[in-house]
Amino acid sequence: MSALATASGGLADFFAHPFVQRALLAGTGIAAASGLVGFFVVLRGQVFSGDLLSHVAFTGALAALAYGVDARVGLFVATVGVGVGLGILGERGHAGDVVIGSVFTWVLGLGVLFVSIYTTSTAASDSTASVHVLFGSIFGLTAGQAVVAASIGVAVSLAVVAIARPLLFASLDASVAQARGVPVRLLGVGFLGLVGVCAGEATQAVGALLLLGLIAAPAGAALRLTDRPWVAFWCSGALAVLAVWVGVAVSYLAPDIPPSFAIMATAAGCYAAAVVAGPRRRPAMRPRSPR
Amino acid sequence: MLADGFTWDLGSDLHQLFQFHFMVNAYRAGTVVAVVAGLIGWFLVLRRQSFVGHTLAIIAFPGASGAVLIGISAAWGYFGFCVAGALVIGAVRRGRPGEFSEESAVVGTVQAFALACGFLFVTLYHGLLEDVNTLLFGSFLGITDAQVRTLLAVGLGALVALAVIARPLRFASIDPDVAAARGVPVRAVSTVFLVVVALAVAETSQITGALLVFSLLVVPPATAQAITARPVLSAALAVALALLATWVGLAISYFTDYPSGFTITTLAFAAYLLVHGARWMATGRHRLRLAR
C-alpha cells in the first residue's frame, strides 16, 4: 500500500486515491464514535475496561479467522459480549489489579493460540493477519468494509448522543441520579456495550493494541481544555476525527510511517499540548464515587 | 515439530526434549527467568505494584524493536528502555495514585503511544512482520549461549540488589509511614526496587514476549501468596510455580506445536484458578457451617 502513495502528490491527488477516500470515510466514523464514547470512558474512570476490551478484540478477531469466519464477526461478538458482561459483573465488588492482569494475560495467550491455529491450518492465509489485528490497517479496507465501518460509527455516535444527558448525570453523581429515577445500572451496562462496539470498530482502524489511545487521548485532552461538559464532549469527538485525518495525511505523505502510528502520535501530541499549554489544573468533573 | 512425538516413556521424552541445543538453551534461559521473575514478582505483588510491571513490559516492546532497528541486540533495548522507564516512573510518581480519574487516561495514552512507536520501528526496519509476534508474544527458538550468559549475569545482579534491599523493602512495603519514621530511606529503596523490577521485566520479556510478562512475573507469586501467608515459603512456592509453568509449558510447546506463549500463560493461569477456586470452596463451606 505504501507503494501506491508517493510523496509528490498534492492535496487533490490525496483525495483522488480510492484507498485514501475509504480510509477517511471509515476513519471519520470510527474516530467520531471513539472520541464521543471516550469522553464518558475517561469521565467514568473506565479506561481499564477499555484496555480489557482491546485484548478481547485481538483474541476474538483471531478466533474468528482461525475458524474461517469474517474477523469482524468475532471482533464484535467478543467485545460487545465482554463489555456487557463487565457491566453486569462490575456492580459486584471490585476485582483487583492482579485478577484483571491475570485474565488479560490469559486472554492474550489464547489469542496467540488462535494465531498459530490460523497460520498453520489455512493454507492460503497470510501470516501478517495478526499484525493487522494488533496494529490496524486503515489503508487496507475494502469499499464495503469502509461503508459498514462508517455506518456503525455513525450509529454508535447517535446512540451516545441519545443517552448523553442521563449518562452524564449518572456519571457525575450516581446516587442522586438514581434517586431522580435515572436507570443508572441499565445505562452503565448499555454504555459498556457501546464501548464494546466502539472497540471492535477502532480495531479495524488503529488495531487492538492502540485503540485505547484513540479512546483515552482525545477525551483526556478535551477534559484538560474546558470545564464545560458538553463543550468537552464535542471537543473530544472533534479531536479524535482530527487525529485520524492528520494521521492518514501524514502517512500518505511519508509512506514509511504506518497510519496507526501517525494517528496515535497526533492524538498523544494533542493531549501533551493540552496538558502543557492548556489551563494548568485538573479536570473539575470527576465522579463522586471512584469506580 | 522435529520430535518423534510424545510417548508415555518419560525417559525417552526427556532424551528427545534435550537432543537439540536450542531446546537446552531454551530450558536454561527459561529457568533463569523463572527464578528471577518468581522472586522479584513476589515483592511486586506484595507491594501491589503489578500495574507498574505491565507498564514497564509495554515499554520493553519499542525498546527491543528500536534496538533491532539501529542494529544492536534486542537485549540491550529491553534492558535500556525498561531501566530508563523505571527511573522515570520513580522520579515522577508522587502522592497516592487512583484518586485522580485523569491518571488512567494518561496511562492509557502513554501505553498506546509506546506500542505505536514499537510498531513504527518494526515497520521502518522492513524486516519480516512476523517478528512483531516474537517480540510481543515470545519465542523460545534461537536463544544463543551468549544470551543465556547475559540473562544469568543480569538476573544474578538483580537478585543480589534485591537481597541487599530485601529487609528494608519488606518493612517499607508493609508500613511505609512507620518505616520512614524508623529511618528507612523509603523513597530510595522503592526506586532501587523499580530498577530491579525493570531488569526482571526485561528478562521475562525475552522469554514470554512483552505482552505476556504477567504470566511469570505476577501470576505465580499471586498464586503462592494465596496458598500461604508465610513469606519464605510463599516466595519459594512462587519460584516453584514459575519454574513448573515454564518447564512444562516449553515441553508441551515442543511436542504439540502450540506456541509457548499460550502454554506457559495457560498453565500459570490454571494454577491461579485452581488455588482460588479451592480457597473459595473452603470459605464457602466454612460460611455454610457458620450459617447452620
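**From chain B to the helices of chain A**

Guide: Of the contacts in chain B between residues at least 6 apart in sequence, 73% link residues at least 24 apart (a contact means C-beta atoms, placed from the backbone, within 7 Å). This is a predicted model, in which local features need pLDDT of at least 70 and side-chain atom pairs count only at pLDDT 80 or more, while totals for chains, interfaces and linings use all residues. Residues are numbered from 1 along each chain as its sequence is written, with chains lettered from A and ligands numbered from 1 in the order in which they are written.

Chain B has 13 helices and zero strands (DSSP runs of H or I, at least four residues, or of E, at least two, numbered from the N terminus). Its C-alpha atoms occupy a box of roughly 60 × 55 × 35 Å along the principal axes.

Now to the partner: 43 residues of chain B and 48 residues of chain A form the contact. On the chain B side, α3 (50–69), α5 (102–125), α6 (130–137), α10 (214–217), α11 (219–227) and α13 (260–291) each supply at least two residues. The largest share, 15 residues, belongs to α5(B). By class, this side of chain B holds 26 nonpolar, 13 polar and four charged residues (nonpolar: Ala, Val, Leu, Ile, Met, Phe, Trp, Tyr, Cys, Pro; charged: Asp, Glu, Lys, Arg; polar: the others, Gly among them).

Within chain A, let's follow α10(A). Helix α10 (residues 211–225) and helix α11 (residues 229–253) of chain A have axes that come within 8 Å and cross at roughly 130° (lines fitted to C-alpha atoms over the stretch in contact, with angles from 0 to 180 degrees between N-to-C directions). That angle makes α10(A) oblique to α11(A) (under 35 degrees is roughly parallel, over 145 roughly antiparallel, 65 to 115 roughly perpendicular, the rest oblique). Contributors include A:Leu214, A:Pro218 and A:Leu225 of α10(A), and A:Cys235, A:Ser236 and A:Leu239 of α11(A). The residues of this contact divide into 12 nonpolar, one polar and no charged.

α10(A) also packs with helix α3 (residues 47–66) of chain A, at about 160° and with axes 9 Å apart. These two helices are therefore roughly antiparallel. Here A:Val47, A:Gly50, A:Asp51 and A:Ser54 of α3(A) meet A:Leu211, A:Leu212, A:Ile215 and A:Ala216 of α10(A). Sorted by class, this contact has five nonpolar, two polar and one charged residues.

Terms used. Contact = placed C-beta atoms within 7 Å.
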